[in-house]
Amino acid sequence: MALKTTAFLLTLNLLFFSLVSSDTTPAPAPAPTCSADILKFGVCAGLLNNLGGVVVGSPPTLPCCNLFLNLVSLEAATCVCNAIKANVLGVNIDASLGLSMVFNNCGQKVPTGFEC
């Protein structure tokens, strides 16, 4: 009797485990988000308004660059990109160009592979 019960439970166990499938596909990485208030990035507008006035070797624009201090570069890139796209800065400029200009002015590098 014990042998029949064990065989039945083993068969039932194998049946249930064969019906369960595992998903081996990795979950996509979450999209980067901006934890800062993008309205604060309006201070970067002066930097983008003076496209021709940027002098090589000039000090970074402090109010704009200070926003990057507590942000990871991917998060900062997302914030600047969102601010440009939402026209918070009041400047009509290509988002990728504006992003690279702000980052370069602040001595930062746009994260590899980041697209605005």
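User: Why is Cys-81 counted as buried?

Analyst: In this predicted model, Cys-81 has a relative accessibility of 4%. Buried means under 20%, so Cys-81 counts as buried.

User: What makes Cys-81 and Cys-116 a disulfide?

Analyst: The S to S distance of Cys-81 and Cys-116 is 1.9 Å. The cut-off is a pair of cysteine sulfur atoms within 2.5 Å, so Cys-81 and Cys-116 are joined by a disulfide.

User: Why is the disulfide of Cys-81 and Cys-116 called right-handed, and which parts does the pair tie together?

Analyst: The torsion about its S-S bond is about 120°, so the disulfide is right-handed. Cys-81 belongs to helix α4 and Cys-116 to the segment after α5, so parts 35 residues apart in sequence are tied together.

User: How do you know that Cys-65 and Cys-106 form a disulfide, and what is its handedness?

Analyst: The sulfur atoms of Cys-65 and Cys-106 are 2.0 Å apart, and the criterion is within 2.5 Å; the pair therefore forms a disulfide. With a torsion of about -85° about the S-S bond, this disulfide is left-handed. Cys-65 lies in helix α3 and Cys-106 in the segment after α5, so the pair connects parts 41 residues apart in sequence. By the sulfur distance rule, the count comes to two disulfides.

User: Why do Cys-65 and Cys-106 count as buried?

Analyst: Relative accessibility is 10% for Cys-65 and 12% for Cys-106. Both values are set against a limit of under 20%, so Cys-65 and Cys-106 count as buried.

User: How do you know that the span of α4 agrees with what it should be?

Analyst: Helix α4 has 13 residues and, at 1.5 Å a residue, should span 18 Å. Its end C-alpha atoms are 18 Å apart, which agrees.

User: What makes Thr-78 a buried residue, and what is it in contact with?

Analyst: Thr-78, in helix α4, has a relative accessible area of 6%. The limit is under 20%, so Thr-78 is buried. Beyond neighbours within four places in sequence, Thr-78 is in contact with Pro-32, Thr-33, Cys-34 and Phe-114.

Technical notes:
Residues numbered from 1 in each chain as written. Predicted model: local features only at pLDDT ≥ 70, side-chain atom pairs only at ≥ 80, totals over all residues. Heavy atoms only, no water. Helix = DSSP H or I, 4+ residues; strand = E, 2+ residues; numbered from the N terminus. Buried < 20%, exposed > 50% of the residue type's maximum accessible area, 1.4 Å probe, protein only. Contact = heavy atoms within 4.5 Å. Expected span 1.5 Å × (residues − 1).
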